[in-house]
Amino acid sequence: MSSCASSTSSFGHAELVITPGQVDLGLLRRIQAGGVRLSLDPSVRNAMARSQAVVQRILDNDEVVYGINTGFGKLASTRIAADHLADLQRNLVLSHSVGTGEPLAAPVVRLVLATKAVSLARGHSGVRPELVDALLALFNAGMLPRIPAKGSVGASGDLAPLAHMACVLIGEGEATTTEGEVVSGAEAMRRIGLAPFVLGPKEGLALLNGTQVSTALALVGLFGAESVFASALMSGALSLEAIQGSIKPFDARIHIARGQPGQIAVAGAVRTLLEGSAIVPSHPDCGRVQDPYSIRCIPQVMGACLDNLTHAARVLRTEANAASDNPLVFTDTGEVISGGNFHAEPVAFAADIIALAISEIGAISERRIALLLDTGLSGLPPFLVRDGGLNSGFMIAQVTAAALASENKSLAHPGSVDSLPTSANQEDHVSMATYAARRLGDMVGNTAVVVGIEAMCAAQGIELKRNLKSSPLVEAEFGKLREKVAFLESDRYLAPDIEAVRLWALAADLPDALLAILPSRA
């Protein structure tokens, strides 16, 4: 189901109307990529206005409610006088702006702005609609708050990074323009035609509470994982052809007998990729009884990865639409209820699951590289080069792949099992979702190199035995790879080739047979 209406602006950017609660993964992928403008479904503005009215009624009746006229965290029992409420919200934003490290990448910040707007627009946060308008105005102008990558434990939400985002709205902090210019928060607001906000009751807290940074990082990790997953299925098909492996383990009946949906989908995708290959039927009596697991068990391993990515995608789609600040306003009863939706445990688990999948994608790909280079198993020249000894071929490229696959094993250690109490033990169990999601970027980058090296090695193996053609889909991809990296006749400087195939793996410009099984493309 589509989550947005779209048109084209005078600037050539697609205009997308977002409806909170109905934003899907396809839209989130487009937001990450940029080149779109966002507006809010007008039908949701009334819910925000009614939510804000509940907050105002509490103030008018001189009631004491956490987050509206009290301190925060361990100071929740401290009542704040009415003439200090604006200072309270401003101080909250400034005191929480304690992030460190390099700024988050633009695709992550775009998702942070969009998902925070979606969350606030659910009508449970008690903020002015104008705050949501301002977040979308920053997005549409490409004026991205500079948010340090480190400093959040994933509860009470992503406090420090979201504070840096909120700083721009009050004319503090910094933002980066589409041209890469760093400007002050005040200048950023001026350039989008708005005065800095004086935050009203609860508005600072609503901006800071929430899981939007963890969720944005995890979504970027998910989309990257999908890309290297699809590329690894293609590189695996190339490797199967290079060693003249058997297609029989991909027979649909085997996988239906087990019933795992990801396994069935992967086997079907590989069969489609190899349909029409002249290599597959050319070696019925080659003497090899069974291929190594890294070839034979592609459906079982990659299918399990796909199932985990699909589960994580469902969790992250839900979280991207969630009201995750605290307390929440319920306009049907006029209640403001304090809870814990800011706790990012669902995101932490989803990120850990994605990490396991990314690690395994790279691990099995690296094993296929080793297989290709081992003449005793592959039947190909040692290290995939003629005149071995004088030439080392791809010997050390496999070492690079092994190093990165091993690094991913350490990075795959679950972040969600860690917790360190904060706020004088008021926040005594935290999710570590922000780290769990942030490390996915490094893991995707590592696996893209491994998968790219496999594709380069497999293309070399196919060409070393070139007497028959593979399927049309595989031959088309072989041609793309050859446009990026030439056949290795003798040793040469390989680093540029590895960079080229890394970018190939990340781009995942691949046949629909692969892309259609990805959770964000389905």
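**View 1. Helix 1 and helix 9 are roughly perpendicular to each other.** In this predicted model, the axes of helix 1 (residues 25-33) and helix 9 cross at roughly 100 degrees and come within 11 Å. Because angles of 65 to 115 degrees count as roughly perpendicular, the pair falls in that class. Helix 1 contributes Leu 25, Leu 28, Arg 29 and Gln 32 to the contact, and helix 9 contributes Leu 219, Val 220, Leu 222, Phe 223 and Glu 226. By class, these residues comprise 6 nonpolar, 1 polar and 2 charged.

**View 2. Helix 17 and helix 18 are likewise described as roughly perpendicular to each other.** The axes of helix 17 (residues 433-464) and helix 18 (residues 472-484) come within 10 Å, with a crossing angle of roughly 110 degrees. On the side of helix 17, the residues that meet helix 18 are Ala 455, Ala 459, Gln 460, Ile 462 and Glu 463. Their partners in helix 18 are Phe 478, Leu 481 and Arg 482. The contact of helix 17 with helix 18 divides into 5 nonpolar, 1 polar and 2 charged residues.

**View 3. Helix 2 and helix 5 are oblique to each other.** Here the axes of helix 2 (residues 45-60) and helix 5 (residues 129-141) cross at roughly 130 degrees and come within 9 Å. Arg 45, Met 48, Ala 49 and Gln 52 form the helix 2 side of the contact, while Pro 129, Val 132 and Asp 133 form the helix 5 side. The contact of helix 2 with helix 5 has 4 nonpolar, 1 polar and 2 charged residues.

**View 4. A cis peptide bond joins Ala 155 and Ser 156.** Most peptide bonds are trans. For the bond shown, omega is about 5 degrees. Ser 156 is located in the loop that runs between strand 6 (148-150) and helix 6 (159-169).

**View 5. Asn 326 and Pro 327 are joined by a cis peptide bond.** The omega angle at this position is about -5 degrees. Pro 327 belongs to the loop between helix 13 (298-320) and strand 9 (328-330).

**View 6. Gln 244 has a positive phi.** Most residues other than glycine have a negative phi. Gln 244 is not a glycine, yet its phi is about 55 degrees. This residue lies in the loop between helix 9 (212-242) and helix 10 (252-258).

**View 7. Four residues make a nonpolar surface patch: Phe 383, Met 395, Ile 396 and Val 399.** The area of the patch is about 320 Å². Ile 396, one of the residues of the patch, is found in helix 16 (residues 395-411).

Methods. Residues numbered from 1 in each chain as written. Predicted model: local features only at pLDDT ≥ 70, side-chain atom pairs only at ≥ 80, totals over all residues. Heavy atoms only, no water. Axes fitted to C-alpha atoms, helices over the stretch in contact; angles between N-to-C directions. Helix = DSSP H or I, 4+ residues; strand = E, 2+ residues; numbered from the N terminus. Parallel < 35°, antiparallel > 145°, perpendicular 65-115°, else oblique. Contact = heavy atoms within 4.5 Å. Nonpolar A, V, L, I, M, F, W, Y, C, P; charged D, E, K, R; others polar. Patch = residues over 30% accessible without salt bridge, like charges linked within 9 Å, V, L, I, M, F, W, Y side chains within 5 Å. Areas by Shrake-Rupley, 256 points an atom, 1.4 Å probe, with all protein chains shown as cover. Salt bridge = Lys/Arg side-chain N within 4 Å of Asp/Glu carboxyl O.
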